[in-house]
Amino acid sequence: MKLFVDTGNIAEIEALAAVGILDGVTTNPSLMAKEKEDPTAILRRICEIVQGPVSGEVVATDAEGMIREGRELAAISEHIVIKVPFTKDGVRACKVLADDGHKVNVTLIFSATQAWLAAKAGAAYVSPFVGRLDDIATSGMHLIREIVDIFENFDYATEVLVASVRSPIHIVEAARMGADVVTVPPAVIEQCFKHPLTDIGLEKFLKDWEKAQAARANA
Ligand code: G3P
């Protein structure tokens, strides 16, 4: 399963890329709005750092506007994936952009039929939002199970990109279900690195090593 980071922050992306675990990046208008720099410059820099799929989202709501903005985004770098919202206009824009040879990520997916329609329109990725479904007492991960099953049944090339991830448990469940990608906020990736028994274990290894060194020096 591929790991994307869900952020528009260059420093966070640089730090994770340096660890060597990052396959791509997703952004959205809310994440980009938090950053001070020009969005085009940010996306260009992210593509240079990651050298993998980087989703940049359109803000137009009509198909023609989405197609125009999508082409502008794609001109930034070969790594850009054009993110469009799941609306009828978004699906139409997806079809045109995919037919042009662009990779499209259809976002704001909350049902299996939405994912299926996006796949039929040639989406490279669909982004079901698991956390936002959990927020309204509906199982986000149940939706992932449904989409993975449907795409497997019909051999769709569209990848299931699990979004709105709120905890490491979402990541484990996504991997067990065979999702293709998870996009994870930096804070949740950080949580995946931490385990108290790892810290305690390492402390003990180092103390035992020091004790043995001191005993050898005194022998
Ligand atoms: O990038 C889309 C998605 O991951 C947003 O997540 O936490 O705002 O529901 P969230």
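L161 stands opposite V181 in strand 8. This is a predicted model: local features need pLDDT of at least 70, side-chain atom pairs count only at pLDDT 80 or more, and totals for chains, interfaces and linings use all residues. Residues are numbered from 1 along each chain as its sequence is written, and side-chain values use heavy atoms, without hydrogens and water.

**Strand 8 and its partners**
- Strands (E, at least two residues) and helices (H or I, at least four) are DSSP runs, numbered from the N terminus.
- Strand 7 (residues 159-162) runs parallel to strand 8, with 2 bridges joining them; pairing requires at least two DSSP bridges.
- Strand 1 is also parallel to strand 8, joined by 4 bridges. F4 has T183 as its bridge partner there.
- V181 and T183 on one side of strand 8 (residues 181-184), and V182 and V184 on the other, are all buried. Buried means under 20% relative accessible area, exposed over 50%, partly exposed in between (1.4 Å probe, protein chains only).
- Strand 7, helix 9 (residues 168-177) and strand 8 form a right-handed β-α-β unit. Right-handed means that, with the strands pointing away from the viewer, the path from the first strand over the helix to the second runs clockwise.

**Aromatic pairs**
- The whole structure holds 4 aromatic pairs. Rings of Phe, Tyr and Trp (its six-membered ring) pair if their centres lie within 6.5 Å; planes under 30 degrees apart are stacked, over 60 edge-to-face, the rest tilted.
- F4 and Y125 pair edge-to-face, at 6.0 Å centre to centre and 70 degrees between the planes. F4 lies in strand 1 (residues 2-6) and Y125 in strand 6 (residues 125-128), 121 residues apart. Both F4 and Y125 are buried.
- F151 and Y156 are edge-to-face because their ring centres are 5.5 Å apart and their planes at 75 degrees.
- F151 is buried at 5% relative accessibility; Y156 is partly exposed at 24%.
- Ring pairs join F151, F154 and Y156 into a cluster.
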